[in-house]
Amino acid sequence: MFESPENPKMIYLTGQGNEELLDLHRALEAAFTNKTHDARSFRPHVVLAKLKKAKWLALSPAPKVEKVVNLGESIDEVVLYESLSIDGKRTYEPIDTFPLS
């Protein structure tokens with residue numbers, strides 16, 4: 001799924017939240033930020049790819065991703081990453097791992 005078909009920035013899978021995921025989201029937010037968000041805005045997701053706009057626009061014709069994928073996967077841990085910009089490049093460093101079992 002694209003964030004926005006007109007201006008794609010990433011391809012990601014998204015799923016339905018549940019109370020346990022919302023509780024984890026709230027706990028991580030409270031521990032690591034001073035922000036609070038409406039729980040309804042939380043969408044669990046997995047980023048598959050980040051896109052550079054110029055490279056995407058250079059594709060002719062631009063690919064269309066319209067397929068809905070039903071995927072069931074057990075998750076046994078959550079890894080919290082810090083997003084860093086080093087020498088103009090985005091990198092992601094793991095901060096901590098949280099077992100779910």
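Biologist: Is Thr97 buried, partly exposed or exposed?

Modeller: Thr97 counts as partly exposed, because its relative accessibility is 36%; buried means under 20% relative accessible area, exposed means over 50%, and partly exposed lies in between, with a 1.4 Å probe and protein chains only. Please keep in mind that this is a predicted model, in which local features need pLDDT of at least 70 and side-chain atom pairs count only at pLDDT 80 or more, while totals for chains, interfaces and linings use all residues. Residues are numbered from 1 along each chain as its sequence is written, and side-chain values use heavy atoms, with hydrogens and water left out.

Biologist: Where is Thr97, and which residue is the bridge partner of Val79 in β4?

Modeller: Thr97 lies in strand β4, and it is the bridge partner there of Val79. Strands are DSSP runs of E with at least two residues, helices are runs of H or I with at least four, and both are numbered from the N terminus. The C-alpha atoms of Thr97 and Val79 are separated by 4.4 Å, although the two residues are 18 apart along the chain.

Biologist: How many bridges join β3 to β4?

Modeller: Strand β3 (residues 77-86) and strand β4 (residues 89-99) run antiparallel and are joined by 10 bridges, where two strands pair if DSSP finds at least two bridges between them. The two strands form a hairpin with two residues between them.

Biologist: And what is the phi of Asp87?

Modeller: Asp87, found in the loop between β3 and β4, has a phi near 55 degrees, which is a positive value in a residue other than glycine. Most residues other than glycine have a negative phi. Asp87 is also exposed, because its relative accessible area is 78%.

Biologist: Changing topic, how many salt bridges does the structure hold?

Modeller: The structure holds two salt bridges, each being a side-chain nitrogen of Lys or Arg within 4 Å of a carboxyl oxygen of Asp or Glu. Glu19 forms one with Arg26, where the closest N and O atoms are 3.6 Å apart, and Asp23 forms one with Arg26, where the closest N and O atoms are 3.1 Å apart. Glu19, Asp23 and Arg26 are therefore linked in a network of salt bridges.

Biologist: Why are Asp23 and Arg26 separated by about one helical turn?

Modeller: Asp23 and Arg26 are separated by about one helical turn because they are three residues apart in helix α1 (residues 19-32). Asp23 is partly exposed, with 41% relative accessibility, and Arg26 is partly exposed as well, with a relative accessible area of 38%.
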